[in-house]
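Subject: Structure for your review

Dear colleague,

Please find below the structure that I am handing over to you.

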Number of protein chains: 2
Amino acid sequence: VLATPDEQLTYLKKGLSELIREEDLRERIILRAKEGRPLRVKAGFDPTAPDLHLGHTVLLRKMKHFQDLGHQIVFLIGATTAMIGDPSGRNATRPPLTLEEIEANTETYKSQVFKILDPEKTEIRFNSEWLASLSFLDVIRLCSKYTVARLLERDDFSKRYVAGTPISVHELLYPLAQAYDSVALQCDVEMGGTDQKFNLLVGREIQKDYGQPPQIVATVPILEGLDGEKKMSKSLGNYVGITEAPEVMFAKIMRISDSLMWRWYELLTDTSMVEIAAVQERIARGDMNPMQAKLELARTIVADFHSPADAGRAAEEFNRVVRQKEAPAEIESAPLPEGVAGPNGINVDKLIAKTGLAPSVSEARRKRESGAVEINGARVSDLVIPVSGRELLIQVGRKWKRVLL
Amino acid sequence: VLATPDEQLTYLKKGLSELIREEDLRERIILRAKEGRPLRVKAGFDPTAPDLHLGHTVLLRKMKHFQDLGHQIVFLIGATTAMIGDPSGRNATRPPLTLEEIEANTETYKSQVFKILDPEKTEIRFNSEWLASLSFLDVIRLCSKYTVARLLERDDFSKRYVAGTPISVHELLYPLAQAYDSVALQCDVEMGGTDQKFNLLVGREIQKDYGQPPQIVATVPILEGLDGEKKMSKSLGNYVGITEAPEVMFAKIMRISDSLMWRWYELLTDTSMVEIAAVQERIARGDMNPMQAKLELARTIVADFHSPADAGRAAEEFNRVVRQKEAPAEIESAPLPEGVAGPNGINVDKLIAKTGLAPSVSEARRKRESGAVEINGARVSDLVIPVSGRELLIQVGRKWKRVLL
């Protein structure tokens, strides 16, 4: 059981981009424990056609961690702002939603987020509950608490202001409305992506103005997609959707690089940093193949969004189709060629050229860059890969080679 | 009867600081006449403890001119903003008013402004009628119509922004709320002081956004006080209060300089510019003493705020006390001394020294600058005064001299 403030902090800090401030969170944990009540932890979501991928689950996972520790999470639906859309009409991709659409989208949301969150312990709220009844006088009072100059310090605002790109006055009201949500919900903690940091900090100031202790701000990082470089997104095609079939999810996850695998362990699982470090050490010692860790990651993630049984079947399918069926029964084995291993690891291009899988280093490089090189079942795009495990099962197009380490 | 659009324009333009735009006003007059309805003409007022002086009546007088022509004026009480006061708490001089205080102040207002406006033809409205029922969504929609950058162009905002003096977000909402007042009232014209020009122009934009033709904007100048230099104000002591006793008002008005007299004719009476020019010509020809024109001005203004009978009594009292009682029965007469008249008029210091009312020119200057010199019943502070009338009745302290021109 995780119980002490320090143990809680260690669990909650895992994977966070920023925590403002750790010492405040510790104090608040202690204070609320004394009062015999949980922390109130908010994260806000737009109810616009939710179709979540793993990138969206980083925040949900962190909400779950608070939930795991017995704290009260609030899943806040930004109904009011969604009903407005973009009133300036400049942004055609934000049409106003009707109440019916918001309710329908909320149901879709629930079916997806409750794969991670415990529905019994999740408070779902709509900010229209308090924003819709704000009068003009209330809005004036709220707006009197903050200065124009401080809002224009927000990164996107300041860039647009300097560039002369119009900022409509209503856009200044959104951060204040979001801050007022924290007042209405009496939040102890607010979470969001790193791009939300400014708005979350406004919440601290506004809470103080309304006589509440300022919320602790926790931001989660942006998840890189399958390519390991760009932000995971539908439009870039580098995503794993949480409603995709178990086999599809499993195979996609097995494609990521080893370094990305550790990042995903941190951001997409409940595995503690201590456990992750232990696995890394086993691999470094050669007691474990990175492939095993990746299979375990894929199994864990698929189980989260489907079931352990589904994950098991997906693993078998992956093994059968991707590894066994594609690899010939007999693969020629060879020792590691001279001159391919350096202090940082193995030079993939030289490895491929010297094992005869490509006619030259430059041709090897071309193949690697075009995505035709897989080692131990995972596509390799890096020039240098770490030495780990006992063998390298290399596939370049239809050619295979097993290199013993 | 003033009836044609051109005649109306001539009457309405008198004394205006700016009209945006004259051609639009002409067209609107023609349009509304065709539709058989009057122009709707708004001016807004704060219901904060009204105790009006002549400076405030410049705007009321212009409202009366529209009223004289059969147009519908709207006396708008800014109840909503008054109920807010200054929510930032920085401005202690703007405490929030209760509804009772606003109602009491409104009654005081009426008793004062109806000395100029016709109560039967004046629409008194409170902006709380429509602002109080604006929802958060309505406010967002309103605010989406205007950009932060354009609001920050307002002179006082831009100065504060550059100087780093805080501008609270709610201050940006006030011009938009004022503009929305014009939408709610479907105004054809909005009037205000020159300091209101920016806000009045915002009204034009917002009306267009709400599908209304943009209002015509008319600003009236700031009235100079008794000193002829500084803005009339209670705190500077250079004011004529509209509830002051007839004799006090009369005597104060008689103290102003000749040049200020013409300004006051323009801004504080219904006398047309043609009539004013005719009087000026008579004085220039020597057919009339400026004193006569000033007595007429004082009589007109006092009659406005009291009655013609009161004005007559005040004029008699002024004559008796200020002119007859103070001036000795026999005053020595003298011709105009050599060397005191130049192309721009008479040098007062030389005049006083050469007529023996002061021992030297420098002493004469000291007396003039300390306010001890009166000519034809009015205090003289200018070094050079125009030559007009048939005589100069000069008083320096207790010494008198009559100079024949």
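Just after helix H14 of chain A, Gly286(A) adopts a positive phi of about 85°. Please note that this is a predicted model.

H14(A) and its partner

H14(A) packs against helix H13 of chain A, which covers residues 258–268. The angle between the two is about 160°, and their axes lie 10 Å apart. H13(A) is therefore roughly antiparallel to H14(A), an angle over 145 degrees being counted in that way. The crossing of H13(A) past H14(A) is right-handed. On the H13(A) side, the residues that meet H14(A) are Trp262(A), Tyr265(A) and Glu266(A). They face Met273(A), Ile276(A), Val279(A), Gln280(A) and Ile283(A) of H14(A).

Chain A as a whole

Chain A holds 18 helices and 14 strands. Taken along the principal axes, its C-alpha atoms fill a box of roughly 80 × 50 × 40 Å. Of the 405 residues in chain A, 50% are buried. Among its contacts between residues at least 6 apart in sequence, 68% join residues at least 24 apart.

Helix H7 of chain A spans residues 136–143 and is mostly covered, with 6 of its 8 residues buried. The buried residues in H7(A) are Phe136(A), Leu137(A), Val139(A), Ile140(A), Leu142(A) and Cys143(A). What covers them comes from both chains: chain A contributes, among others, helix H10 (169–185) and helix H11 (197–209). From chain B, the cover includes helix H4 (79–84), helix H6 (128–131), helix H7 (136–143) and helix H10 (169–185).

Leaving out residues up to four places away in sequence, Leu142(A) touches Leu176(A), Ala177(A), Tyr180(A), Ile206(A) and Tyr210(A). Asp287(A), which is 145 residues from Leu142(A) in sequence, is 60 Å from it in space, C-alpha to C-alpha.

Two of the covering helices, H10(A) and H11(A), also pack against each other, at an angle of about 55° and with axes 8 Å apart. This makes H10(A) oblique to H11(A). H10(A) passes H11(A) in a right-handed crossing. The residues of H10(A) that take part are Pro175(A), Leu176(A), Gln178(A), Ala179(A), Ser182(A) and Val183(A). In H11(A), their counterparts are Asn199(A), Leu200(A), Val202(A), Gly203(A), Ile206(A) and Gln207(A). Leu176(A) and Ile206(A), which belong to this helix pair, are also among the residues touched by Leu142(A).

A buried asparagine in chain A

Asn105(A) is found in helix H5 of chain A, residues 99–113. With a relative accessible area of 15%, Asn105(A) counts as buried because it falls under 20%. The side chain of Asn105(A) reaches the backbone oxygen of Pro47(A) at 2.6 Å.

Findings in chain B

In chain B, helix H1 (residues 5–13) packs against helix H2 (residues 22–35). The angle between them is about 130°, with the axes 10 Å apart, and H1(B) and H2(B) are therefore oblique to each other. Their crossing is right-handed. H1(B) contributes Pro5(B), Asp6(B), Gln8(B), Leu9(B), Leu12(B) and Lys13(B) to the meeting of the two helices. H2(B) contributes Glu22(B), Leu25(B), Arg26(B), Ile29(B) and Ile30(B).

Arg379(B) lies in strand E11 of chain B, residues 378–379. How accessible is Arg379(B)? Its relative accessible area is 39%, so that Arg379(B) is partly exposed. Setting aside neighbours within four places in sequence, Arg379(B) is in contact with Arg255(B), Gly371(B), Val373(B) and Glu374(B). The C-alpha atoms of Arg379(B) and Met254(B) are separated by 8.8 Å, although the two residues are 125 residues apart along the chain.

Yours sincerely

Methods. Residues numbered from 1 in each chain as written. Chains lettered and ligands numbered in written order. Predicted model: local features only at pLDDT ≥ 70, side-chain atom pairs only at ≥ 80, totals over all residues. Heavy atoms only, no water. Helix = DSSP H or I, 4+ residues; strand = E, 2+ residues; numbered from the N terminus. Buried < 20%, exposed > 50% of the residue type's maximum accessible area, 1.4 Å probe, protein only. Polar contact = N/O pair within 3.5 Å; in protein donor to acceptor, adjacent residues only side chain to side chain. Axes fitted to C-alpha atoms, helices over the stretch in contact; angles between N-to-C directions. Parallel < 35°, antiparallel > 145°, perpendicular 65-115°, else oblique. Left-handed = near helix turned anticlockwise from the far one by under 90°. Contact = heavy atoms within 4.5 Å.
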